[in-house]
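Dear colleague,

Please find the structure below for your records. My notes on its disulfides follow it.

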Amino acid sequence: MNNYKNNSGIFAALCLMSLMFFGAMVACHVEGIPVIEEDQSCREGVEYLLEADFENDTVPGRVEICCGNTDTIVSPSFGARTGSKVWKIDWKADNYDGTRKGRGIEIKPLLVSERVKSEGWYAASLYLPSDEFPTSGKNNILLQLHAYTSTTCCPPGPGGDCKVLTLKHSADGKLSISTHFRVEGINNTTTYTYELDEGANVFDRWIDVIIHFKFSKSNNGFLEVWYDGAPEANPTTVATGLNFGAQDCWDGDALDKGAYSKAGIYAYDPGDYDAGESRVAYYDDVRFLDGNPKDAFTLVRPGDCNGN
């Protein structure tokens, strides 16, 4: 289990010792927290569909947001997963205007062409504060893959739900990941759900999620998930022989138009909204990668190239 909390007292002592013995190799940061030089060299030149570490004070990609909800880049008191800055989103039930966009705050790739048609990787680190995010009784999608919508692929309207993968925190307090397969021409979805965690363990710490996936309508799809620091050789969840994808969206055994990533809160339970309610979450090290290149696990894994 990873438990990325702000141990500033320990860090301050380490910083002092490092300065005594190694000079400037380790630098003291604000509030006594040291910043150890992070190795990001393995990611140089990699063509991600989306990469967001928020250190340059920008949110890459497009943010779906409306109605007075807010997203900001902050340096939280509990520390970032990597570096010093993260993306904070603050959704309020009172701002809901009845539209799909009013139900959440989500980031997706900048260009509509930045999609995966067959195999890919998706990873992020997220932090849910127990005093600002519902621990139970509410339903939220926190990460998802969504098939590209067109007049022939997942058309808008009833039966046109285009989500193909979701990471959810549900009303029962469980964190789970699901694959979705909508049968062509039929308003029916097959969903396979795999539980990852539950209860207090989901809150008040950075949690890493790494996803390796392949779409298929011929029982050749698969899902691998590494949760909360699981080593590459020992994934938390493995599912093979899956039908995994969206309605009328196929080119052979791949998604014709592909699927794009979304990271952020999607509060899909409008019937349970309460007056004055807010839902806050933090994200860091969001990466979306097409294909399965060499060392893909390392390329998308939250943290630096050495696994820190």
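Is cysteine 67 buried or partly exposed? Cysteine 67 is partly exposed, because its relative accessible area is 29%, where buried means under 20% relative accessible area, exposed over 50%, and partly exposed in between (1.4 Å probe, protein chains only).

Please note that this is a predicted model, in which local features need pLDDT of at least 70, side-chain atom pairs count only at pLDDT 80 or more, and totals for chains, interfaces and linings use all residues. Residues are numbered from 1 along each chain as its sequence is written, and side-chain values use heavy atoms, with hydrogens and water left out.

The structure contains two disulfides, a disulfide being a pair of cysteine sulfur atoms within 2.5 Å.

In one of them, cysteine 66 is bonded to cysteine 67, with an S to S distance of 2.0 Å. This disulfide is left-handed because the torsion about its S-S bond is about -60°. Cysteine 66 has a relative accessible area of 17% and is therefore buried.

A disulfide also joins cysteine 42 to cysteine 305, with S to S at 2.0 Å. This pair links distant parts of the chain, 263 residues apart: cysteine 42 lies in the loop between strand 2 (34-36) and strand 3 (50-52), and cysteine 305 in the segment after helix 2 (296-300). Helices (H or I, at least four residues) and strands (E, at least two) are DSSP runs, numbered from the N terminus. The link of cysteine 42 and cysteine 305 is left-handed, with -90° about the S-S bond. Cysteine 42 counts as partly exposed because its relative accessibility is 26%, whereas cysteine 305, at 11%, counts as buried.

Yours sincerely
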